[in-house]
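Please read each point with the structure in view.

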Amino acid sequence: MGKVIRFAPPSEPPPSDGERKELILKAGELHITIEALETALLEADAPLFRRAGRLVAPHVEVRAGTPVVTTDRRVFLYPVETQSVREFVSRYVNVLKFDARKNRLLQVDLPKDIAALLAERAVNGRLRKVNGVLNAPTLGPDWNIIDRRGYDLASGLYLDALPDMEPIADFPSREQAEDALALLKDLLGEFPFANPESLSVALSGLITPVCAGAVQFAPLHGITAAAPGTGKSYLAQLGALISYGAEIPVTGANDKIEDELPKQLTAALLNGERFILLDNINGELDNSLLCQAIEQKEVSVRVLGKSQNVACPAGGFWAATGNNLELAGDLKRRSILCELARDEERPEMHVFRNDPAAMILAERGLYVRAALIIVRAYIAAGKPALLPPIASYPDWNVIRSALAWLGEADPCATMERIRELDGSLLEFEAVIAAWLELDSGFIGRTARELIEMARAPERYRLREALETIALGRDGNISPQRLGYLFRGMRDRVFSIVRGDGLTEQVKLQAEIAHGKTKRWLLRRVPK
């Protein structure tokens, strides 16, 4: 998005009286002094907050311009330690101490011991708690629009770097909502959604982050495809571009996902991130902390490098991408799934005719406004045909119902698809087992050749297994669907129980020439 050119605290307006608040230091009155300091900061509306047992403040990151926008400004929370407390306080409070020799009050820096005490009072002090930052107007818990820069008490969010945006009517009409929906769908026109439900999940991924003040919790939005390069990460970042005006840093996951992921999630929660993207998940995604974070107001996390647990605000918008993404355990009932299926040999070479990211950055306020209009129009209409809520996400159910009200598929229909994907592995193993029975699995075959082999009467087990996973609409086994499934299972290891009771491990691989898959075959995996 460009080179970082400046880091600076947000330029807060001075106190309403145009002067800094005063704090007079007196010996032996530490308990009074620290409370007076907190009062002065609150009266000055200083953007210093409490979160997860530490003081934090909004921080502005300004990046160099692009051909589309002149600057890229993102605001996030950073911890304020003892020395930073002294500098921060000097912006809003005039600290005074009586000088006996000069017989008058003199301005001084905040003493280190008082700064340290203020930092320690982040656990139970009087400063305001913050849930996170948002770089866009949003909806509050009462579903009214919040479009003023600064701290919002009702939602606990700090708003900054807001885009220019035309006002929204108090009661937007259905026609206005339909126009807003068409605008968002135009961004997604070139993504290869496997079904209408997947499109609805993607639309929710654009709308939900903007509504962070009203929707504290939402299901995890998973994005999956059978092949790399289909546009999963790009699609996920579009929601961040609308709500934050910049791509967000992603949280990765390696092969040791069960070891690394909890640490990465803890860091993201402590930093107050409200849009968290778990990108390129390799393997099965199932984590107890993740399950808690997407439906609990607070979670107990261990501060990295310390033997200390703190209560940390949770919730926010969570997304995960991966090839053949597997959502397992309790995460299945807490997730919805967007499937992409680009019918190309080299999907990573696809070039978008339009550039959705550039479209957003050029007129971000237009897309923020569209997301808000869709929800506000549904509220103004009296929430017609409100869908039955799913557990833990009653507020997000309004966004889901608004999409259905405008004629889109129910994004929660993909929950059944998540459960179906669990059974697909067993069905695919049946194909592998029947293929091995023919003693030809280690000879390369195209999908069409394998289907032709299964036509023989004595090969009924292979035919039945193929019909289970790849039956087309015409009632015949589809080579295209079978090839698509093979690409999704490529390089996966299967444990097959042979007729003699022994287990054999094999890997599905592809023979590729000139960038195209020629044949599929199995290879034995050494024990």
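This is a predicted model: local features need pLDDT of at least 70, side-chain atom pairs count only at pLDDT 80 or more; totals for chains, interfaces and linings use all residues.

**Note on strands, loops and surface**

1. In strand E18, the bridge partner of Leu-278 is Ala-320. Leu-278 belongs to strand E14 (residues 275–278), and E14 is joined to E18 (residues 317–323) by 4 bridges, the two strands running parallel. Strands (E, at least two residues) and helices (H or I, at least four) are DSSP runs, numbered from the N terminus. Two strands pair if DSSP finds at least two bridges between them.

2. Residues are numbered from 1 along each chain as its sequence is written, and side-chain values use heavy atoms, with hydrogens and water left out.

3. Which way do the side chains of E14 point? Phe-275 and Leu-277 point one way, and Ile-276 and Leu-278 the other way. In a regular strand the side chains alternate between the two faces of the sheet. All four of these residues are buried, where buried means under 20% relative accessible area, exposed over 50%, and partly exposed in between (1.4 Å probe, protein chains only).

4. The loop between E14 and strand E15 (284–285) contains Asn-280. Asn-280 has a positive phi of about 55° although it is not a glycine. Most residues other than glycine have a negative phi. Asn-280 counts as partly exposed because its relative accessible area is 47%.

5. Ala-161 also has a positive phi of about 55° and is not a glycine. It is found in the loop between E12 and helix H4 (174–187). Is Ala-161 buried or exposed? Its relative accessibility is 12%, so Ala-161 counts as buried.

6. Strand E12 (residues 157–159) is joined to E11 by 3 bridges, and these strands run antiparallel. Tyr-151 has Tyr-158 in E12 as its bridge partner. An open sheet of 3 strands has the order E8-E12-E11, with mixed pairing. Its edge strands are E8 (132–134) and E11 (150–152), each of which pairs on one side only. From one strand to the next, the twist averages 30°; axes are lines fitted to C-alpha atoms, for helices over the stretch in contact, and angles run from 0 to 180 degrees between N-to-C directions.

7. Another open sheet of 3 strands has the order E2-E6-E7, again with mixed pairing. The edge strands here are E2 (21–25) and E7, each pairing on one side only. Neighbouring strands of this sheet are turned by 35° against each other on average, direction ignored. Strand E6 (residues 93–99) is joined to E7 by 4 bridges and runs antiparallel to it. Asp-99 stands opposite Arg-104 in E7.

8. Leu-105 lies in strand E7 (residues 104–107). With 38% relative accessibility, Leu-105 counts as partly exposed. Together with Ile-24 and Phe-98, Leu-105 makes a nonpolar surface patch of about 270 Å². Patches are made of residues with over 30% relative accessible area and no salt bridge; like charges are joined within 9 Å, and nonpolar side chains (Val, Leu, Ile, Met, Phe, Trp, Tyr) within 5 Å. A salt bridge is a side-chain nitrogen of Lys or Arg within 4 Å of a carboxyl oxygen of Asp or Glu. Accessible areas come from the Shrake-Rupley method with a 1.4 Å probe, and for residues only the protein chains shown count as cover.
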